[in-house]
Structure formats: structure tokens, C-alpha cells
Amino acid sequence: MPAKSILFSQKQPLPLELCLDTSFVIEVFFGIENPSGPIPPKKQASIDFFENRILKETQKRYISTTVHGEMLEKIIEDVVCTCFTDYTKIKYGARSVWKEYYKIHKARIPNLDKKLENAINKFHQWQGDHGISSLPFKYDYTKSIITPVAATNMFYMEVAEYCIHYKILPYDARIIIEGRHRGVDNFVSLDGDFKNVDGITVYSLY
Amino acid sequence: MNSRVIDRTQIDSIIENDKFLKDYCKKNNITDYKDKELVVENRHQLFLSEKSKQKTPPSGVIKVESSSYFLMFDKYLS
């Protein structure tokens, strides 16, 4: 049985605890300045509406360790790409090669450390202002979908199992496991793959 | 991935030795260990958020609003 799916437009009460996926956090944090390009105004309005509901109706809003990591990577990418655009005046196509550009030119980008620090602080302050906590991870054997074995890599074995069983990507599997092992089964995601997973509730745009 | 959750003694010790965390827990009446753990994990986020709330608004704003008000008021009287 797939996940229970609830659309943003449905008016039923929200749970007290929610885990936010990277796809959703990127949209609400960057908004119209989304580095991947602006999204249609109607879609943005639905996301903004649901964000306001989350802030009003839920008591605890979490991002998992993986979402936090993905957001930091996106923010660093955004800073480096902005520097790349300023330097080369090439706006499009920069994103696909940002890591190569970063490795080669990082020492020559003016004030890069300050720019990165400011951008990361901006995200962390946004988290604090919105009461969105980073959730520390703890592997809970009782919440595992695989048979417990005396192994130190149970987490990655379970990630693999989610990928095989539910046909989802490893990072999505990590986010779901990190939430579920801390007792949170409710996720907000713009990624349709989350709906493949049994036993969770997914709040989504479509 | 290793578990990153810290035990209760460590949580208490971190909060006790950190003035910001200690004051934050007291101010928000945080006594539950799950909440304390989140506060420790999110120290940077909470610190930046609290710091931004304490900033005083720029003094020029009040002056401009006041001038605008009188300009509008004068116009209305004339």
C-alpha cells in the first residue's frame, strides 16, 4: 500500500510534527529567487499558502540531517554561481559546471569566505525565525524495515532496501529513514516519489 | 551514518556551560530532553534569530514616516 497522500489544497488539520523535504525547503527559502529559475506564480502561491498553514498549525517542524546538508550544498552552489556570473557574465549553463569552477577558481573569488558565511547565516536565521529545527539522527532498530543484524552500516543497508523496494533515490530514502527513526511519519515534499513508500503520509502540491 | 544523538548528561553539560543556551532554555521553559536536544542541535539558528530580534529599528524610519504624515496632513488642510 503506498503512502497516504494529502494535497496542499485539502483543508484537513495538519499533524503536530512534520518533516520537510529538500524540494519544499528550496522553494520556501529561496522563493522567487530560486536558483533553478522562478516557478509559475500559481504554484508559488500554493506553496506559500501551505507554508503559512504549517507555521500556524504545526507545533514542530523539522528538517533532517540530509535535508540540511542538501540545503547547504544548494546555498554554496548559489553563491559560487553568482560569483561565476559576475566574473564571466555567463549566466546560463554555469550551474552544471559549478563544482569544476569552484575547484579551479576558489582562491581567486573575492571575499568568498565572507559571502559563504553570510549566505549560510541567512539560511540558519531563516530556520530559527520559522521554528524549523534540524533533527539530530539516531538509528532506531525498532523502526527499521530490515531485519536487525550486528552490523555498523545498518543505515546504508536500509537506504538500499528502500531504493530497491520502493524505487526511490538514495537521498530521498535517507530523508524518510531519518524522519521515521525519530518517530515522524509525516512529510512535506514536492517530489512524487515519496508517495511510493508505505506507512508514511505525504503532503504535496499535486 | 553514525547516530549523532548525545546523552542526557552531555546535553545538560553543554547547556550549563553555554550562557546563550542556558538563558534560552530558561526563557522558553524548556525542560524536556527532546526539546533540549533540539536546542543544542540548533544553537546557531536560534542564536541568529534571537540576535536579529534584539536589533533596534533604524532611527531614520520613524523620522521619514513622521515627515510623510505631516506632509499629507498639511496637504489635507490646504
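Of the 78 residues of chain B, 10% count as buried. The model is a predicted one. The secondary structure of chain B amounts to 5 helices and 0 strands. Along the sequence, the pattern of chain B reads α-α-α-α-α.

Chain A contains an open sheet of 6 strands. The strand order is β1-β6-β5-β2-β3-β4, and the pairing is parallel. β1 (4–7) and β4 of chain A stand at the edges. Each has a single partner strand, so one side of each lacks a neighbour in the sheet. On average, neighbouring strands of this sheet are turned by 30° against each other, direction ignored.

Within the sheet, strand β2 (residues 17–20) of chain A pairs with strand β3 (residues 60–64) of chain A. The pairing is parallel and runs over 3 bridges. A:E17 has A:K60 in β3(A) as its bridge partner. Helix α3(A) packs on the sheet and touches β2, β3 and β4 of chain A. The direction of α3(A) makes about 70° with that of β3(A).

Helix α3 (residues 65–88) of chain A also packs with helix α7 (residues 170–180) of chain A. The angle is about 135°, and the axes lie 8 Å apart. That angle makes α3(A) oblique to α7(A). On the α3(A) side, the contact involves A:T65, A:T66, A:V67 and A:E70. These meet A:Y171, A:R174, A:I175 and A:E178 in α7(A). By class, the residues of this contact divide into 3 nonpolar, 2 polar and 3 charged.

The largest nonpolar core has 37 residues. Those with the most contacts inside this core are A:L20, A:V25, A:I63, A:I176 and A:F187. Helix α3(A) provides the largest share of the core, 7 residues. Apart from neighbours within four places in sequence, A:I176 is in contact with A:Y162, A:F187, A:V197 and A:I200.

The two chains also meet. Chain A brings 13 residues to the contact, and chain B brings 14 residues. On the side of chain A that touches chain B, α5 (112–130) and β4 (132–135) of chain A each supply at least two residues. Helix α5(A) gives the most to this side, with 6 residues. The side of chain A that touches chain B has 4 nonpolar, 7 polar and 2 charged residues.

Notes
Residues are numbered from 1 along each chain as its sequence is written. Chains are lettered from A and ligands numbered from 1 in the order in which they are written. This is a predicted model: local features need pLDDT of at least 70, side-chain atom pairs count only at pLDDT 80 or more; totals for chains, interfaces and linings use all residues. Two residues are in contact if their C-beta atoms, placed from the backbone, lie within 7 Å. Helices (H or I, at least four residues) and strands (E, at least two) are DSSP runs, numbered from the N terminus. Ala, Val, Leu, Ile, Met, Phe, Trp, Tyr, Cys and Pro count as nonpolar, Asp, Glu, Lys and Arg as charged, and the others, Gly among them, as polar. Axes are lines fitted to C-alpha atoms, for helices over the stretch in contact, and angles run from 0 to 180 degrees between N-to-C directions. Angles under 35 degrees count as roughly parallel, over 145 as roughly antiparallel, 65 to 115 as roughly perpendicular and the rest as oblique. A residue is buried if 20 or more other C-beta atoms lie within 10 Å of its own, exposed if 12 or fewer, and partly exposed in between; C-beta atoms are placed from the backbone. A nonpolar core is a set of buried Ala, Val, Leu, Ile, Met, Phe, Trp, Tyr and Cys residues joined through C-beta atoms within 7 Å. Two strands pair if DSSP finds at least two bridges between them.
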